[in-house]
Amino acid sequence: MPELPEVETVRRGLAPVMEGARFERVEARRADLRWPLPENFARRLEGQTVTGLGRRAKYILADLSSGEVLLMHLGMSGSFRVVAAGEGSTPGDFHRVRSRASAHDHIVFHMSNGGTATYNDPRRFGCMKLVPREHLDEEPLLRALGPEPLGNAFDAAMLAKACAGKKANLKAALLDQRVVAGLGNIYVCEALHRAHLSPKRKASTLAGRNGAPHARAVLLVESIRDVLSDAIVAGGSSLRDHRQTDGELGYFQHNFRVYDREGAPCPTEGCKGVVRRLVQSGRSTFYCPVCQK
Ligand SMILES: [Zn+2]
């Protein structure tokens with residue numbers, strides 16, 4: 001499942017063909033993804049210019065000249081294939097791309113600059129929605145989301161306040177989208193390892209007795225920002241590699257420190273621990289029991 005850095009990478013990959021361009025033709029090859037597509041979906045997009053391409057948590061938001069916002073979520077298995085004008089026209093590329101993916105190519109955006117963005121989603125948990133810009137704050141999918149982890153509003157005081165008095169452990173608290181938006185299983189494991197904090201620790205210990213943030217909250221916020229920023233940088237380089245091959249966007253390989261590395265030596269300098277796997281709320285947590293307290 002794509003996490004925030006992957007979604008940000010997809011946004012950056014879409015920007016060259018979508019930002020500032022007009023939807024010339026929209027092919028909706030089926031009537032639904034996770035939910036039915038908006039009524040008159042293609043017609044409401046065609047002729048509109050994308051005036052900006054942003055992101056909120058794991059939603060990509062395309063601002064349209066019509067005053068509506070196209071909200072896109074990749075779900076479990078969604079990806080975009082982006083082809084700029086003049087690219088991808090060699091027979092080999094064309095053949096490989098079509099044979100691999102065409103059955104799940106559900107939506108194709110043909111842009112006025114000659115570029116195309118094709119949405120592919122085998123499991124169809126993704127979604128596309130059209131929301132009037134002035135009603136975006138009340139949009140149910142976005143309304144309950146906490147602060148952006150890379151935004152200015154997210155800091156130790158805010159995190160400590162959100163966790164004060166919580167019975168949940170740190171892992172569960174960070175996965176709660178109302179506490180911080182867009183964090184998933186992988187980057188929560190990675191951030192907790194960087195901050196040397198145990199996933200089993202009570203979330204409430206991020207706040208001191210007077211509710212002020214404990215030093216570990218400061219460290220954790222820093223670790224979350226670092227782990228996401230590093231992944232976005234890695235995504236940027238994978239984006240360049242991908243563009244050289246077939247323009248497929250959505251997934252890339254990372255070198256994780258603990259995620260999916262059960263039994264590996266802990267990468268913390270001087271730590272002799274071994275990465276362990278633990279199941280919390282039905283999901284795997286990877287951590288080092290020696291240096292994460
Ligand atoms: Zn360790």
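This is a conversation about a predicted model of a protein chain.

Visitor: What should I know before I look?
Guide: The model is predicted, so to speak of local features requires pLDDT of at least 70 and side-chain atom pairs count only at pLDDT 80 or more, while totals for chains, interfaces and linings use all residues. Residues are numbered from 1 along each chain as its sequence is written, and side-chain values use heavy atoms, with hydrogens and water left out.

Visitor: How many helices and strands does the protein chain have?
Guide: The protein chain has eight helices and 11 strands; these are DSSP runs (H or I, at least four residues, for helices; E, at least two, for strands), numbered from the N terminus.

Visitor: Which strands form the open sheet, and in what order?
Guide: Four strands form an open sheet in the order β2-β3-β4-β8, with antiparallel pairing; two strands pair if DSSP finds at least two bridges between them. At the edges are β2 (50-56) and β8 (127-132), each pairing on one side only.

Visitor: How many bridges join β4 to β8?
Guide: Six bridges join β4 (residues 68-73) to β8. Histidine 73 stands opposite cysteine 127 in β8.

Visitor: Changing topic, where is histidine 110?
Guide: Histidine 110 is in strand β6, which spans residues 105-111.

Visitor: And what does the side chain of histidine 110 join in a polar contact?
Guide: The side chain of histidine 110 joins that of glutamate 27 at 2.6 Å. A polar contact is a pair of N or O atoms within 3.5 Å; within protein, one must be able to donate a hydrogen and the other to accept it, and residues adjacent in sequence count only if both atoms are side-chain atoms.
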